Amino acid sequence: MPLEAIRYSRGSLQILDQLLLPQQSRYEAVGSVRQAWEAIRAMKVRGAPAIALVGCLSLAVELQAGAGGPGLAALVAFVRDALNFLVTARPTAVNMARAARDLADAAALEAEQEGATVETVRERVIRCAEDMLEKDLRDNRSIGDLGARHLLDRAAPGGSKVTVLTHCNTGALATAGYGTALAVIVGADRVVANGDTANKVGTYQLAILAKHHGIPFYVAAPSSSCDLHLDSGQEIVIEERPGQELTDVHGVRIAAPGIGVWNPAFDVTPHDLITGGIITELGVFAPEELQAALSTTIS
């Protein structure tokens, strides 16, 4: 059984504090949206799918405890504002923004139903967040299966061995439990319409090396990480992390005084370097095929 990044049951959410790995495996309770924002921002939880799930499930926990105001309008506003706040924790990863939009829409639509009450709206949002958790698990398995079959069919005809290099947090700790890159090379926090991909710093260099040496380069990401509203990687806003992450270790400065640091969390890999394909839970697509393949399933 893979190490779990997220442990959830109705009214309870725990996350594995990934800042303590590998020395410690400690789970931390998350009981509010504010606590989830802080955990995501501090990178205690990582990976675009896991970030979205922790954010949405933290809201579910708060709602289960009765948060959200006395009336329908107040509850819908509470849900919307909480989700908008969560998006600010890690802005480059598109999954949280998409999940926030979907949950906010679900709350608003439920509130418009005849006979709607505060309790029915709460239940609707909680159930939607829980459905996202279940869908992520299913998508992880599909991505792994499709990617493995594709690699074996294309890269290893006749049953020869496949050697795979992975980059970024592409396994169980980036998702609800199984991982998105079980047999492929890199994960992704955002894939745009032309196939350009934002992923952890170092992905671009790895893609260049793979292209130079004729090694197929794959991206594995759920369709929730695909943002068809952006035409190319030039439009992706890249999150910048605090400089202290590079100049300090456990609060002790290791760089010389006055040293300036630019600390982008992601780089962008152009689609023409993704020579193997983009593996989603819906299939394996060449970058130029992605928009047409997904346009009917995501918006």
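Biologist: At roughly what angle do the axes of helix α1 and helix α3 cross?

Modeller: Ground rules: it's a predicted model where local features need pLDDT of at least 70 and side-chain atom pairs count only at pLDDT 80 or more, while totals for chains, interfaces and linings use all residues. Residues are numbered from 1 along each chain as its sequence is written, and side-chain values use heavy atoms, leaving out hydrogens and water. Helices (H or I, at least four residues) and strands (E, at least two) are DSSP runs numbered from the N terminus; axes are lines fitted to C-alpha atoms, for helices over the stretch in contact, with angles from 0 to 180 degrees between N-to-C directions. The axes of α1 (residues 33-41) and α3 (residues 72-87) come within 9 Å, and they cross at roughly 10°.

Biologist: So is α1 roughly parallel or antiparallel to α3?

Modeller: Angles under 35 degrees count as roughly parallel, over 145 as roughly antiparallel, 65 to 115 as roughly perpendicular and the rest as oblique. With a crossing of roughly 10°, α1 and α3 are therefore roughly parallel.

Biologist: Which residues of α3 make that contact?

Modeller: Contact means heavy atoms within 4.5 Å. From α1 come Val 33, Arg 34, Ala 36 and Trp 37; from α3, Ala 82, Phe 85 and Leu 86.

Biologist: Over in the strands, which residue of β2 stands opposite Arg 7?

Modeller: Strands β1 (residues 6-9) and β2 (residues 12-16) run antiparallel, joined by four bridges, and pairing takes at least two DSSP bridges. The two form a hairpin with two residues between them, and Gly 11 in the turn has a positive phi of about 90°. Opposite Arg 7 stands Gln 14.

Terms used. Buried means under 20% relative accessible area, exposed over 50%, partly exposed in between (1.4 Å probe, protein chains only).
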